[in-house]
Amino acid sequence: MFDPVNAVFCVRESLVNGGASDFSVRSPARRLQTDQAAFCGPGGGGFPSGFPEERTFPPLRRPPPSLCLIMSQLRLLPSRLGAQASRLLAPHDVHMFNWRSRSSGPPATFPSGKRGGSSSYMEEMYFAWLENPQSVHKSWDSFFRKASEEGACDPAQPRFPESRPAVSSRTETSKLVEDHLAVQSLIRAYQIRGHHVAQLDPLGILDADLDSFVPSDLITTIDKLAFYDLREADLDKEFQLPTTTFIGGSEHTLSLREIIRRLESTYCQHIGLEFMFINDVEQCQWIRQKFETPGVMQFSSEEKRTLLARLVRSMRFEDFLARKWSSEKRFGLEGCEVMIPALKTIIDKSSEMGIENVILGMPHRGRLNVLANVIRKDLEQIFCQFDPKLEAADEGSGDVKYHLGMYHERINRVTNRNITLSLVANPSHLEAVDPVVQGKTKAEQFYRGDAQGKKVMSVLVHGDAAFAGQGVVYETFHLSDLPSYTTNGTVHVVVNNQIGFTTDPRMARSSPYPTDVARVVNAPIFHVNADDPEAVIYVCSVAAEWRNTFNKDVVVDLVCYRRRGHNEMDEPMFTQPLMYKQIHRQVPVLKKYADKLIAEGTVTLQEFEEEIAKYDRICEEAYGRSKDKKILHIKHWLDSPWPGFFNVDGEPKSMTCPATGIPEDVLTHIGEVASSVPVADFKIHTGLSRILRGRADMTKTRTVDWALAEYMAFGSLLKEGIHVRLSGQDVERGTFSHRHHVLHDQEVDRRTCVPMNHLWPDQAPYTVCNSSLSEYGVLGFELGYAMASPNALVLWEAQFGDFHNTAQCIIDQFISTGQAKWVRHNGIVLLLPHGMEGMGPEHSSARPERFLQMSNDDSDAYPVFTEDFEVSQLYDCNWIVVNCSTPASYFHVLRRQVLLPFRKPLIIFTPKSLLRHPEAKSSFDQMVSGTSFQRVIPEDGAATQAPERVRRLIFCTGKVYYDLVKERSSQGLEEQVAITRLEQISPFPFDLIKREAEKYPGAELVWCQEEHKNMGYYDYISPRFMTILGRARPIWYVGRDPAAAPATGNRNTHLVSLKKFLDSAFNLQAFEGKTF
């Protein structure tokens, strides 16, 4: 059935203001409750009697807007929709004025509906009111009474006549009403589009947005009043203010002149507000009140003096570095020195609202200043970084000074409360740190039980070009409201230099602002001229309050400039000559603000000069102390310390790892829970019932498959108080439908059960969560999560192994190198499904060659085998790479990851077909107490009975083992060919490989892999075999030929190549006469 009310609202919302509205487009009922006045009168709830289709609505939660905006917008519809609108609205008695002709004769109306006549609905209400005020709704009664009073006060306006008026009287009444509606439309225009004409660029040469247009509905010149059919004579008339504005303060009416002045003051000066796209009315009202209320930006003398002192520290720090190290790169903050007081204001306000821990992420520009003046890193430790004679401690490669992080606990001087600040180390990949910060924040909230984000929050600093150009920004925003990823709001601060290295914004983005990406999550965006420190501080205070009130993201866009080039050695005049001519003339913000405070008497010139001298003296004294530093310790820059996990020197407390097996009764208990539904009246899928019965049968027979082994590893760690978190695409069920850690009730929508959380009453919590379809953002998030505590097993699973390459930045810049650069241990686990199974190039290889190529063990160094060689080798490596061939190996390596006395990233190439392979099962005997992870699984068949008669020893890893065993059996070569599996590939198990090779002295050594020769493991293992064998015996290659693609897309080609290399593997004459 056609609904005229909803139709009008839908048309209004989609056409009149380009979709910009503070009414939820997803809830027509909600909009109707808010805007009933469009049809029931200028201010009341309910519909006036006589409306063609009367309806009843729930009581309003807040006063609705007056007749106002809605009728105003309805007037625009005839010209926008033409005949179509007439056909739609006329049958339902929705009459409209012609907007452009309203002052030159009787108003035009749509063809009448069933009520007949040619007058508008509003006029009919007025005539009915004249005859009997009780016959119309009380909102109409109130409106017409007020209109009569206003007409009586103005001699130019005739009183309402006692009898039916002439056409001219009706026209005057309509004009009065329409002028009010026009003013309300004008107010809304400023709220939506005022930022387009705000004075945001401190240089005065660019528009902060690339649209570069002046909206026609903003009164930038007197003649634009005609857009609303208003005249200059109307400027001094009083108008009723709607409930959707706070410009009146305690006043309910203002002159048009004053309305425009206050709107311009709020929306068109040094602050530009984008918020009207937010769907929530309450949130829009909150922002309006914060910025529109007269006098909100008043600062006390003490607040101004504090702001000046912070600006002094920010600017003089950069000046000091420039004087002492003029030819050094430092990526200074000049041109946006206000960022330091901005960040400190965010922290102060958040501390005031209960925040105890703030985690920051930022690029390199301004990082040293933030370390010095926000985090409060000792200045001498910063200054000594510039000393070229400073020796590095033996802690790794280290990193440049403007990439380093820091962790510091201190008293916030404004609130006198404890605050912990952590600046996360970041590579040159500008926005890569964003999801890492969010993951660390989420973990800190989790361990504190801070589900609402009231104690821990994150602040992210961005550059304008990176914020618009880097896709990980979008990925991170889309994690912001997901249940298992939300950090309950982040304050984003954009240092908008209006340039990216040498690239003009017009070449760097297609959106008007660099911040438009934030619109996707309804985050308000506050643009502010960075040369107005008080405006910046106010905006930052509101941003912090917004985050801690609504637990949603917010963006502060500091529109500034970059006084120097991309770095201090760069010449920007090559590419931006006009901009930098203006920058060279630009008065620094500190001088501008100091002059302002001196002029108004807040500070004296002497006090200002003393503040400068005081901070200069602090810097000089720290510089003197920095000369005593001889060794650089990276551990002093650690961003995520783990108190109590290492000894006081930051070293492991031992170099041993306990056995990873567990008691059989624990295995049995976990198996029983894994095969049950621990919630009453829970209906599961029949197919899942079969899977659970299979688990129960395996538990009774003391065997496990891959899924059950994982269940037992996780469950046993939970019993020991270790939090386990598994994240990734489709991990709850598993890409290959093998895991099923979340059960879904088949009869009750969204009712789920996680049996893993029902193992023991006092167990640690288990989190398993499907992620968004993102690798870069989600892997970065989980890496950050794993940074927070060593007492957790954090895993990220790729849907298919090769999908990790869209997160390559996180792998290369953080996981592989994190400890070497930043002394940051991390125990994250990557589960990468891998295997050549004829599924095509994109779903086969997890690219093991890439991980092995980045492994840091030396292929040419013959190791010394000590008693703790296995653990020492793990400690010295940058990560661990395994390809397990049995469920028991998978079980043990997961438990070893937590039981080690240190943390290393673990890369596991997980199987696909082995998940259900009948031979890929393990016995409880391989998992009970006393058992451990086997880095190498030696041959245990007939070949071991007479090793001297073995003619070939095949080394392999992963799934291909089962293909080799099957082929060996079919050819009857069990006594002549031995097969040894490498479960751990890196660090390379030199000791065990040497032992295996010596066991079969007369055998040819062969490496067999299913991957192509230029991929997989061969290039990694071959030189290491040569080293351990002293180059006395060759290691022959058997596998697929080199190729560009990881796998074929043709099933037959796949099978042919498989048969070919299996034939070679067991052709004992294949290498006769060949030289290695």
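## Ground rules

Residues are numbered from 1 along each chain as its sequence is written, and side-chain values use heavy atoms, with hydrogens and water left out. Because the model is predicted, local features need pLDDT of at least 70 and side-chain atom pairs count only at pLDDT 80 or more, while totals for chains, interfaces and linings use all residues.

Helices (H or I, at least four residues) and strands (E, at least two) are DSSP runs, numbered from the N terminus.

Let's start with an open sheet of eight strands, whose order is 3-10-11-9-8-4-7-6 and whose pairing is mixed. Two strands count as paired if DSSP finds at least two bridges between them. Strand 3 and strand 6 (406-412) stand at the edges with a single partner strand each, so one side of each has no neighbour in the sheet. From one strand to the next, the twist averages 20°; angles run from 0 to 180 degrees between N-to-C directions, and axes are lines fitted to C-alpha atoms, for helices over the stretch in contact.

Elsewhere in the sheet, strand 4 (residues 357-361) pairs with strand 7 (residues 417-423) in the parallel sense through four bridges. Here valine 358 sits opposite leucine 421 of strand 7. Helix 15 (residues 433-448) packs on the sheet and touches strand 4, strand 7, strand 8 (456-463) and strand 9 (490-496); contact means heavy atoms within 4.5 Å. The direction of helix 15 makes about 175° with that of strand 8.

## A closer look at strand 10

Strand 10 (residues 525-529) has a partner in strand 3 (residues 271-274), to which four bridges join it in an antiparallel arrangement. Glutamate 274 has isoleucine 525 in strand 10 as its bridge partner. Strand 10 also pairs with strand 11 (residues 554-559), this time in the parallel sense over five bridges, and asparagine 529 stands opposite valine 559 in strand 11.

How many residues of strand 10 are buried? Five of its five are, where buried means under 20% relative accessible area, exposed over 50% and partly exposed in between (1.4 Å probe, protein chains only). In a regular strand the side chains alternate between the two faces of the sheet. In strand 10, both faces are covered, with Ile525, His527 and Asn529 buried on one side and Phe526 and Val528 buried on the other.

## Helices 23 and 24

The axes of helix 23 (residues 664-674) and helix 24 (residues 686-700) come within 8 Å and cross at roughly 165°. These two helices are therefore roughly antiparallel; the class covers angles over 145 degrees, with under 35 being roughly parallel, 65 to 115 roughly perpendicular and the rest oblique.

Thr668, Gly671, Glu672 and Ala674 of helix 23 meet Leu692, Arg695 and Thr699 of helix 24.

Most residues other than glycine have a negative phi, and most peptide bonds are trans. Aspartate 229, in the loop between helix 8 (167-193) and strand 1 (238-240), has a positive phi near 60° and is buried at 14% relative accessibility. Arginine 847 has a positive phi of about 60° too; this residue lies in the loop between strand 19 (829-833) and helix 29 (848-853) and is buried, with a relative accessible area of 17%.

The peptide bond from serine 986 to proline 987 is cis, with omega near -5°. Proline 987 belongs to the loop between strand 26 (984-986) and helix 33 (990-999).
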